Amino acid sequence: MEKHRSQLLKGVLDMCLLALLGKEPCYGYEMVQKLAASGLNLVSEGSIYPVLSRLQQQGLIEGYLVPSAEGPSRKYYRLLPAGEQQLALWAGEWADFAQAVSLLLKGSSDDIDLRGHDPRNR
Amino acid sequence: MTSTSAATIREIVDACETYWVLSGIPRTQINDMLLELDHHLHAAVRDGKPINQVIGDDLQAFAAAWAEPNRVADGCRRALLAWGSPGLGLLLYLVLVRHLRERAFAFEVGWADIATLAILLPLGSAALPMLRSSAMLAPRRSWWRHPWLLLTTQWLLVVALLVAVGLALRIFAPAVIFVWSWPLTLLLLIAASITTSSFIRDDVTRPEVADRRFDARLLLALGGASLATLGLWAALPDPRWVLATAFLAASCLITFWLQLVDWATPHKPTRNRLLAEG
């Protein structure tokens, strides 16, 4: 169950990271903690970094170093205007997609109920 | 945090650094990636998470996945230098071995020598992916997959192949193709130095700041080792020893030459340094 959930998250990880950065700039470990707090646990936490690198290459986010009192500097990421536009686009696509999947799932659960009422099943 | 966890983190970070350097990721990028990885691993261990939860079960797959979006596309010039520099370096090494082995300023080149090059050059192109995977020194690796054991076995197989082909060609195709004389060696040295210097200067993985004092000490040590092995070669003219001492002296001389070229090649100002200098 947990593994399947993590696989689902992998497909939308870029969008989730953009959404987190849309709220405030974060560093890598902070993003993992925020995802976990929302119930989205990753099997491999380090998998966010290739995604962050890709988003940075696409000009959607940017990274910058902030000196830390606890030790060496931390790399924070923030959303760029292109990233805001992309997030809005993806959010719209996600709403349509999620609705379609919900309808499909609702349909199949209705089918299951119907099969339960089918006299041939008795 | 226990000392074992700190040592494991250090080991993982070092292995990833080696992998990324061998993958040709720019040095500024590698520094940022190492900083993030080190911080994430320490924070995860502090929170009681196993290290596998950060990197997964396969360290090499993790390092490769992160390297992929950060890879710099090789241009024509870089691809040419990436082949030309090791190729000319290898040729220079083999020529030096021949000069030393035959104790002569000129030597005959036959089909066996051409075959040696034809075997070594493609094998050299396979060396980088091999080194990349051997950089993964994860402790969970089984003993028979230890990188040094693998490298030694592969090296022994290459030597065996070279000896077999060399002997066969010397028997069946003993004809001399041409005579290689010392001016050619000089020209080769100049060409290899220029190509290697350009390759080093263009190398995006090269550290931004050089430790000149350490480099100078290393140069002196390698120069000393080269003189010592040349002395050994001169002192042991017995044919039973000449091949071994020729290989040893040529290896030291080539390493000294490489360090000298690196030392003499100025560092290219990178993005970070340009920003720091305002």
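Predicted model: local features only at pLDDT ≥ 70, side-chain atom pairs only at ≥ 80, totals over all residues.
Local features are reported at pLDDT of at least 70 and side-chain atom pairs only at pLDDT 80 or more, while totals for chains, interfaces and linings use all residues. Residues are numbered from 1 along each chain as its sequence is written, chains are lettered from A in the order in which they are written, and side-chain values use heavy atoms, with hydrogens and water left out.

The size of an interface is often given as the accessible area lost when the parts come together. Here, chain A and chain B bury about 1700 Å² between them, and 52% of that area lies on carbon and sulfur atoms; buried area is the accessible area (1.4 Å probe) that two parts lose on being put together, summed over both. On the side of chain B, Glu36(B), His40(B) and Pro69(B) lose the most area to chain A, together 32% of what that side buries. The contact (heavy atoms within 4.5 Å) involves 20 residues from chain A and 18 residues from chain B.

Between the two chains there are 14 residue pairs in polar contact, both residues being at pLDDT 80 or more. A polar contact is a pair of N or O atoms within 3.5 Å; within protein, one must be able to donate a hydrogen and the other to accept it, and residues adjacent in sequence count only if both atoms are side-chain atoms. Helices H2 (27–46), H3 (52–55) and H4 (59–67) of chain B each supply at least two residues of the side that touches chain A. H2(B) gives the most, with seven residues. Helices here are DSSP runs (H or I, at least four residues) and strands likewise (E, at least two), numbered from the N terminus.

Two salt bridges join chain B and chain A, a salt bridge being a side-chain nitrogen of Lys or Arg within 4 Å of a carboxyl oxygen of Asp or Glu. One salt bridge pairs Glu45(A) with Lys49(B) at 2.7 Å, N to O. Both Glu45(A) and Lys49(B) are buried, that is, under 20% relative accessible area, where exposed means over 50% and partly exposed in between (1.4 Å probe, protein chains only).

Over all chains, the structure holds eleven salt bridges. Within chain A, Lys34(A) and Glu24(A) meet at 2.6 Å, N to O. Lys34(A) is partly exposed at 22% relative accessibility, as is Glu24(A) at 39%. Within chain B, Arg71(B) forms a salt bridge with Glu68(B), the closest N and O atoms being 3.3 Å apart. Arg98(B), Arg101(B), Glu102(B) and Asp113(B) are linked in a network of salt bridges.
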